[in-house]
Amino acid sequence: MNVHPTTAGMLLAGVLFVLGLISILVRRDIIFMLLSVEIMLNAAGLAFVVASSHWGTADGQVMFMFILAMAAAEVSVGLALILQLYHQLKTLDSDEASKMNG
Amino acid sequence: MSFADFISLGPLITLSAAVVVAMLLVAAWRNHRMVYGFSLLAFMMALTAIIPAIKYIPHAIPPLLVIDEFSLFNTGLILVAGFIILLLSFNYFEEREERKEEYYLLLLLATIGALVLVVSRHFMSLFLGLEILSISLYGLIAYLRTRERSDEAGIKYLMLAALSSAFLLFGMALVYAFTGHMDFPGIGVALRQAGYLPVSVMAGFGLMLIGVGFKLGIVPFHMWAPDIYEGAPLPVAAFIATISKGAMLVLLIRFYQDIHGNDYPMLWWIVAIIAVASMFVGNWLALTQQNIKRILAYSSIAHMGYILVAFLSGVQTGLEAIAFYLVAYFITSIGAFGVVIVMSSSLQDAETIADYKGLFWRHPWVATVFTAMLLSLAGIPLTAGFIGKFYIVMAGVNGHQWFLLFMLVINSVIGLYYYIRLVAAMFSVPAPGEQTMVTPALPMAGNITLVLLTILLVALGVYPTAMMQLIQQMMRILV
Amino acid sequence: MILLVLLLILFVAALLSWIVAAKSNLLCRWIALGSLLINLVIVLVIWVNHTTTADRWWYNFRVDWIPHFGISLHLAMDGLSLLMVALTFFLGALSVLISWKEIDKRVGFFHFNLLFVLCGITGVFLTMDLFLFYFFWEMMLIPMYFLIGIWGHERREYAANKFFLFTQAGGLLMLLAILGLYFVHGANTHVYTFDYFDLLNTPMEPGTARWLMLGFLIAFLVKVPAVPFHTWLPDAHTEASTAGSVVLAGLLLKTGAYGILRFVLPLFPAAAVEIAPLAMLLGVIGILYGAMLAYAQTDFKRLIAYTSVSHMGFVLLGAFAFNEIAYQGVVMQMITHGISTGALFIIAGALYERIHTRNLKQMGGLWTRLPLMGSAVMIFVMGSLGLPGLGNFIAEFLVLLGSWQANQWLTVFATIGLVVATAYSLRIMQKVFFGPCDRQYTLPDLNMREMVIIVALVIVIFWLGFHPQPVLNTSQNINYVVR
Amino acid sequence: MLPALIPVIPFLSAFILMLGWKQLSRAAVAVIGCGSIALSAAVAIGIAAQFAANGEQAIQQHVWTWLQAGGFRAGVDFRMDALSVVFVLVITIVGFLIHVYAAGYMHDEPDYSRFFACMNLFVGAMLVLVMADNLLLLYFGWEGVGLCSYLLIGFWYKDPANGYAARKAFIVTRVGDTAMGIALFMLFQYTGTLHIQNILESATQLWSKGDPTITLIALLLLGGAVGKSAQLPLQTWLPDAMAGPTPVSALIHAATMVTAGVYLIARTHTLFELAPAAQTTTAVIGAITLVLAGFSALVQTDIKRVLAYSTVSQIGYMFLALGCGAWSAAVFHFVTHAFFKALLFMGAGAIIVALHHEQDMFKMGGLKKQLRAVYWVFLIGSASLAAIPFVTAGFYSKDQIIWLSWSAAGGHVGFWLAALLGALLTGMYTFRMFFLVFYGDIKTKVHHRPGNSMMIPLYILAVLSTVAGFIELPHTLGHVTLFSNWLLPVLPAVTVLQESAILEWTSQGLSALLALSGIGLAYAWVVIHPKGMVDFLEMPAILWFRGFWARGWDFDKLYDVLLVRPYVYLSRINKRDLVDKLYTGLAQLMQWCHHMLARTQSGLLRWYILGVVLGAVAILSVLIWRIYI
């Protein structure tokens, strides 16, 4: 049983990604949803790293840096928004945030 | 960084610098009027910065960016759109929010993101631009903190945007993993050499399509649109409807061209299905909708579908059609939102059809403008929208996409219904005693802007030749 | 150039009357009326000067508009156009007159729309560029929509929407067909143009021709209207204000017929010949079905509306008979139907002003009170059942005579249509004017203004009935179209 | 003198009367109305005289070209030949008399002017009909008289019944006109013209005798004639048409319009000669009609309806004659019939006015004393109608037909018997009416006697319906053939197969005998009415038959069930137009889609995420599927 390391890495990333996906689907707490998105992002990042190691180029790593930075920014804004929302809804249940529909 | 690079990136650099300056200004001295004026200035400067850049086109800044007619044209388009949105913003925020200044920072940032998207031909720049755009949009959407809807919209957008960019990233990773390239031409070449699309790349494109589709708001990634439009401040909604979608579309076109998307019928099919679905879903959802913001959201979904038809026609005319349609669509959407903005009072946005009942008999000019915009969306002659739609149909016929065209025709008819419903509401004779709740602000600046937009709309509808020639020569470098 | 002037006069007058109305409604009405009369005079002068010219096209006027697509502002006039345009201005002037009292709210906007519609219709009749044609074709819809939707009766918005959606659907199909033709022609000749004369006799294989022709035909069938695309018409006609109904019945329907004569037949002769039996069949169905529906109606205007369906069936029947007699009949029918149906709508409107109902059941015995109106209705009812001496007879006789050469059986059924026409026409007289009169109060008979309108119409219909030769001569020099 | 004047004058006066309906005084109206007819009568006589003097074929006049399109040409052209002259004279002269009578009869009618306008219009149209040189113009007159008949039947529009009667008349005749129209199309198709003379000439070259095409054409023309002349199967409108004022019935529904069919067939006799089948059909229709109508007339109670049915029956005789090829005989009967039937109608009118608009014969009676003048003229008229031998015009004209219906080329013994039966019936119903009205005891008081303006025309007509017979006498007595000679240039002489005086005598004897016995029966039935006869008439079976005949053999009911009701029913149920349902259904479908989709916009974040994910899954699965399968 010898899988090509790249393939293995990609598979791992894929699995991570799907995990994140599943958790965002099953969670209702906004914070957790945010977390699971982060997981997915990191999975993507991992994929990049694996790919770049496969090609022996630095692009993947650079991309991963960007992802990290962006994730950080996103989380910061996200948490701010969640805080804002919490002030109004007094809950973190995403289902409460459904005033607009139709 | 050579001089040429510097000039070519003029608009971007100008705006970026402007953001920094603005930030310092705000830190030093909060003054709405000043920041407003400054950002207007920034936009103008950025626009003027295009002119010298023309001399160097086409100019590539490997590997990330490329400045050619296409990107410059869209840069100009985006800047003008941003400028107009800015014009409409002042009164809107003046009456609503105590801390208005950051809005302009965010708007400038978002515009920068869009501009990056327009010039980028590499995953990294694509990603950067996309995220600059998205993250500043989170802030913009949720800007009116006192409004619950605003936050709700913000959260929704954030979650979905993050999700979609996750998909996008993973897709990119897959593509990169197979091709070893992150720049579009490189990918294209690699695929040409491979001669076929392996499943991983296929999947990669599919996942990327999700990220792109989300920003474009096409089925099935459209669900956010109505809520965001409804919750976001109106100028921001206008921004999302026009600039962010436009930028993403430009990127899509560039990417598609560079990887020779037409060689892969698979992609064509998926996009075709999405296009048809978008048309139908958009129009059906708008059919008896009472909230004008949501109607605009749904109609924009449908319009993206129309644009995709031209996109799929796979002929030169198609790209021209898209460019022209984008112009028309920008004018029209901004105009429509503009009307809603000037109609809205500080207490409440004029967003239900009821607010517009008999408008023509109270404020004929506003009503006329809105009618013009709606008719343009419906594609009735004397408006830019008509020429745009005509152009798209032309492209479709040219590419023999009879099925798609048929769908388009059906949908235009469905679409007509709700546009005309709005028009009818404005012209309907209000019953005596019937009083609307909102008392429109109708600020001077806004009105002038709208009149100008309308004139532009009609001008393009009656004499589109100039614009067409511009587009044609700018398109020559693609394909 | 003169043709452009015709359009510009209307356009300017439209804006002017709207602006002026803020100051004085009367002035606005006069501007509208004046502009139309001027145009009418111009057209009549043209007619007088060109009765005997050999060349078919007059005042060929062409300037580039969107050269990028080979679109040009191309206007030209031949006999058919001339007749149609003359009819347009005639009925247009009348519709201004009949709105004189009926429309007292938003007068300016009303006349703006009215003149705008007429401008669009005139454009449709004069343009020789397919893009321009589509442009005008769409342009007349919006103001018409307002005419129905703002000044109409109870269910006006429903009717307006229905009208709008139907015609738009047809129009878009036509757009597809136009573009298809454009590219077929371009592919074959490498000349990409929307110019009518260039597109004439474009070489194309039968299959394509069939589809493109269908695109045009459906758009026109909706407008004509032919069964089964007719259902927008009764609603629109019933709910519109009198002027609206007159413009609809008198002119808008004609654009459809005109389109068939001008575009479907000449552009796709072969395909048209193929479809001919079907089209004629539709025509005959329209004649009988429309008559049957008309017979059942209790709403006066609705009844008249359905008679339009019946009468326009003759147009379809004749247009696809492919011989000159039928062709001349069709042109006649277009004009006479405009006159007689327009007149009936005008009278229906006048009646509505007096007794405030369109319900036949609430009428009856009105001859005692309104003998003048009664006689007028009698004349036009006789017209609609095709009594010799009135223009409609000439039209229908020629159509039938011609279509007999083409298809006996269908003609037989169409002729039966005359019997059912008699049934519904006489029903009008019976229900409205005959019978005991239960109203004690007196009603004012036709006043001066209405007299002028009615007399004008009566004179025209009799003139067409007894001496149609001028019209026939004018429409004659188009006969090669059907060959 | 110009033939065009003859129709133009009445048209003109009609026009004047219409315009001046408010201003003109009654006297003026009467003068214009009658004067115009008198004038055109004078012109007609003048032209006839000139015509007779220089015995030319025909006087023609081209007024203007009506329409000319793509090889079709029809002008407003008039042509007067022997046949037209006869009709023109009858129309103008009888018309004039009736107008004069009407001036008195309608005297206290508010819409005096409208009445005379329509009457003049009618005369004009009728004249155009008989003077037209091409079939299109003829059709113009044809429809024109139809219109006037409609207007005049519904003259008293306040009573809906009249309106419906008028409508019925118009529509039923229109059915015939449709057939005629198709005939016109066919004629144009084959001959390339509608000019009558050209058609008649080219027909003989185009078609051999009995050619199916010409047969069809002839039958279609016959259809038109049948419609106008109220023959089977389109006879049902005439009895109802009696709703109109009596002068109208006299002029339109007795003397002139209803004989238009006879004129048409006579005019196009060449075509009929080429189509024996059609000709025979004509004869058969005539024979059947005259018998059926006779029976119906026998049992009517309304005096005008009796006359109406008798008109139908008499025109049946004319058709019979035409069918047998006895053209001039038919026209001769038309002339005499015009005289005596107009006389009878106007007499009846006088009685009706006298009895305060009482039309039921069983409410009349014993008028012999009170209305002596009317009694005499009515007697003359009845005698003429019943064809009392030797003294009446009716005898000579009808007897000729009876004889020829057997002996002529197209004749047949069956026809002859039918004609004889008709003679018996005629005698019976005529004198049943006569006795009912004038004998027995008085039931209704006479409230005013008819004035001179009404009586003088009656006298004149009485004279005419006596002497008019002597212009054409059979071989057996006198053998005068002025009339048939006059018509010879237009209508060929009848070819008689068995030239035997004995047979002719017997025929004449029989017919005379039957007529007289009919009168006798009527006398027995009405005046003496012996027990046996009464019992016989009261027998249930007979009663049923009487009802059946009185309802005109239930043709109305038949058509009602077969045509009218289904059509009305269909149109009623389809009032809302089923086709529309299609589109409204489509609209509803769209609405439904909207509501279904609107549910997806639930506003729940999870839901939207799910949407995105599902989209992703869909896209990926499509990709995978496309690649691996």
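**View 1. Chain C splits into domain 1 (1-267) and domain 2 (301-483).** These bounds come from an automatic or database domain assignment. Taken over C-alpha atoms, the centres of domain 1 of chain C and domain 2 of chain C are 23 Å apart. Bear in mind that this is a predicted model, where local features need pLDDT of at least 70, side-chain atom pairs count only at pLDDT 80 or more, and totals for chains, interfaces and linings use all residues. Residues are numbered from 1 along each chain as its sequence is written, with chains lettered from A and ligands numbered from 1 in the order in which they are written.

**View 2. Here domain 1 of chain C touches domain 2 of chain C.** On the domain 1 side, 36 residues are in contact with 33 residues of domain 2 (C-beta atoms, placed from the backbone, within 7 Å). Look for α3 (79-102), α10 (232-239) and α11 (242-267) of chain C, the elements giving two or more residues to the domain 1 side. Helices are DSSP runs of H or I, at least four residues, numbered from the N terminus. The largest share, 13 residues, belongs to α11(C). By class, this side of domain 1 has 24 nonpolar residues (Ala, Val, Leu, Ile, Met, Phe, Trp, Tyr, Cys and Pro), four charged (Asp, Glu, Lys and Arg) and eight polar (the others, Gly among them).

**View 3. Chain C meets chain B.** Contacts link 23 residues of chain C with 21 residues of chain B. On the chain C side, α5 (130-139), α6 (141-151) and α7 (156-189) each give two or more residues. The most come from α7(C), with 13 residues. Sorted by class, the chain C side has 16 nonpolar, five polar and two charged residues.

How values were computed
Contact = placed C-beta atoms within 7 Å.
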